[in-house]
Amino acid sequence: MPTLPGEATLEQVKRAKEAAEAARTKADDKQAAYDDMAHAELNAHVSVFCDAAGKWLDIKTVQTVDQAERLTDFITGARGLFKRVEDARKAAKKPWDDLGAEVQEAFTPLTAKLDKLGKTMKAMQGDWLRRESDRLAREKAKAEAEARAARKKPSAWPVRRRNATTSPVRWKPRLR
């Protein structure tokens, strides 16, 4: 029956740390954004827990009260390990968050000034665009009125009349 896994052995932790050290060396001595040794140790503990979870998955269903109690202990242990990992993540991330807050504090006044400037300029541009749109609308209305007036005037062209023998219809003057 599966049981609650213990902590990773010293040998497992040592191998995980050696692997992390080798990875750091391959990364051209680039400084890690977190403590890779602490990460390696937590990774070893998580691996042990995941292996134990595989044994629980092999039994598929809980059959006895004893199994249910042990599964409860396993879940509690997994939650405890999850909390340890989250606490380590938050601790590793805090300096970056603090630096991010400093960056935000430094750049916010600059972007605020440009934002205000942009709003002021957009208001000026909006006023111009409204006035220009009104002017174009007036010009268009004037041109349309002139075109209507020109169509109502009779054309200066001579009126053509058909010969009475070929057609009784008289042509009317063209309107332009």
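L114, L117, M121 and M124 form a nonpolar surface patch of about 420 Å². The model is predicted. L114 is called exposed because its relative accessible area is 58%, and the cut-off for exposed is over 50%.

**The nonpolar core**
- The largest nonpolar core has five residues: F49, A52, W56, F74 and L81.
- Two elements, α2 (36–59) and α3, each give two or more residues to this core.
- Helix α2 supplies the largest share of the core, with three residues.

**Helix α2**
- The 24 residues of α2 should span 34 Å at 1.5 Å a residue, and the end C-alpha atoms are 35 Å apart, so the two values agree.
- Buried residues of α2 include D36, M37, A40, L42 and A44.
- H45, V48, F49, A52 and W56 are also among the buried residues of α2.
- After α2 comes K60, which has a positive phi near 65°.

**Helix α3**
- Helix α3 has 88 residues, and a straight helix of that kind would reach 130 Å at 1.5 Å a residue.
- The end C-alpha atoms of α3 are only 102 Å apart, which falls short of that span.
- At K94, α3 bends by about 35°.
- In α3 the buried residues are Q67, F74, L81, G126 and E132.

Technical notes: Residues are numbered from 1 along each chain as its sequence is written. This is a predicted model: local features need pLDDT of at least 70, side-chain atom pairs count only at pLDDT 80 or more; totals for chains, interfaces and linings use all residues. Side-chain values use heavy atoms; hydrogens and water are left out. Patches are made of residues with over 30% relative accessible area and no salt bridge: like charges are joined within 9 Å, nonpolar side chains (Val, Leu, Ile, Met, Phe, Trp, Tyr) within 5 Å. Accessible areas come from the Shrake-Rupley method with a 1.4 Å probe; for residues, only the protein chains shown count as cover. A salt bridge is a side-chain nitrogen of Lys or Arg within 4 Å of a carboxyl oxygen of Asp or Glu. Buried means under 20% relative accessible area, exposed over 50%, partly exposed in between (1.4 Å probe, protein chains only). A nonpolar core is a set of buried Ala, Val, Leu, Ile, Met, Phe, Trp, Tyr and Cys residues joined through side-chain atoms within 4.5 Å. Helices (H or I, at least four residues) and strands (E, at least two) are DSSP runs, numbered from the N terminus. The expected span of a helix is 1.5 Å times one less than its number of residues. The bend at a residue is the angle between axes fitted to the seven residues ending there and the seven starting there.
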